[in-house]
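Hi,

Here is the structure we talked about, with the sequence alongside.

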Amino acid sequence: MKIIIGNWKMNGTNEFAVKFINEINKIETKNCVVICPPTGLIPIFKDFRYQVGAQNCFYKNNGAFTGETSPALLKDLGCSYVLIGHSERRNIFGEKDELLYKKWESAIANNLKPVVCIGERAEEKSRWKEVLKKQLDLYLGKDISTTIFAYEPVWSIGTGIIPSVDEIFEVYTFIKSVINNPQILYGGSVNSKNYQQILQYTDGLLIGGASLKIEEFSVIMNG
Ligand code: PGA
């Protein structure tokens, strides 16, 4: 069984979500399928036959934190997964490893499965091991039995450029050497043409753009 996660980012409407759910509900797969829609669309997924995740959360469950969403509320709305530290959170919103670690702790405390995203930027390519090691450091020695890690090279996200399968396997092996028995997904420009070769070397996929194309996602979710 592979884990196939679709990250809609800040895309999708009420109407699209209803259509997507109707179509995807007709498909049967052994894989674990998770859709992470924008927060406002989460309640529409109550009749979705697969799992629902959030794209982000805060680390407190209530209080004066305008604009944030608590892990407890996400759980209450039916989420079972949450992305932590997607590169857009890190690079556009300046989220740092220490903050992400608090979100990770809080997600677990609220029975959400965290999907911790890691990956090097284009200018960090030559020292990717150091970058990934630093992003993983806070989780070493911790109970990561319900945590999923997603390797997403930032230079591959939304660009159509993907590492070779050998490179993906090298990173996969490196992460496994750093942290004990993790589940590792790959993300970055995955589509219906390249997903099969990548899936051979990973525990699953994190899909952005292609998760908004119903036909394309239907193919990928079957693994
Ligand atoms: P992409 O995005 O599939 O559109 O490259 C992946 C991601 O950001 O998770």
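This is a predicted model: local features need pLDDT of at least 70, side-chain atom pairs count only at pLDDT 80 or more; totals for chains, interfaces and linings use all residues.

Residues are numbered from 1 along each chain as its sequence is written, and side-chain values use heavy atoms, with hydrogens and water left out. Helices (H or I, at least four residues) and strands (E, at least two) are DSSP runs, numbered from the N terminus.

**The two helix pairs**

Helix α5 covers residues 128–136 and helix α6 residues 165–178; their axes come within 11 Å and cross at roughly 45°. That makes α5 oblique to α6 (under 35 degrees would be roughly parallel, over 145 roughly antiparallel, 65 to 115 roughly perpendicular, and the rest is oblique). The axes are lines fitted to C-alpha atoms, for helices over the stretch in contact, and angles run from 0 to 180 degrees between N-to-C directions. On the α5 side, W128, K129, L132, K133 and L136 meet E170, V171, F174, I175 and V178 of α6, with contact meaning heavy atoms within 4.5 Å. Of the residues in this contact, 7 are nonpolar, none is polar and 3 are charged. Here Ala, Val, Leu, Ile, Met, Phe, Trp, Tyr, Cys and Pro count as nonpolar, Asp, Glu, Lys and Arg as charged, and the others, Gly among them, as polar.

Helix α8 (residues 214–221) packs against α1 at an angle of about 40°, with the axes 11 Å apart. This crossing of α1 and α8 is right-handed. From α1 come F16, K19, F20, E23 and I24, and from α8 come I214, F217, S218 and M221. The residues of this contact divide into 6 nonpolar, 1 polar and 2 charged.

**Around the ligand**

The ligand is surrounded by 13 residues, of which K9, H86, E152, G158 and S189 are the closest; a residue counts as near if one of its heavy atoms lies within 4 Å. A polar side-chain atom of K9 is 2.6 Å from a ligand oxygen atom. Backbone N or O atoms also take part: one from S189 lies 2.7 Å from an oxygen atom of the ligand, and one from G208 lies 2.9 Å from an oxygen atom of the ligand.

K9 sits in the loop between β1 (3–7) and α1 and has a positive phi of about 55° although it is not a glycine. N181, in the loop between α6 and β7 (183–187), likewise has a positive phi of about 55° without being a glycine. For context, most residues other than glycine have a negative phi.

**Two side chains to look at**

N25 is in the loop between α1 (14–24) and β2 (32–36). Not counting residues up to four places away in sequence, N25 touches D47, F48 and R49, and its side chain reaches the backbone oxygen of D47 at 3.1 Å.

R89 belongs to helix α3 (residues 87–91). Its contacts, leaving aside neighbours within four places in sequence, are N56, G94 and E95. The side chains of R89 and E95 are joined by a polar contact of 3.0 Å (a pair of N or O atoms within 3.5 Å; within protein, one must be able to donate a hydrogen and the other to accept it, and residues adjacent in sequence count only if both atoms are side-chain atoms).

Best wishes

Note on methods: A crossing is left-handed if the near helix is turned anticlockwise from the far one by less than a right angle, and right-handed if clockwise.
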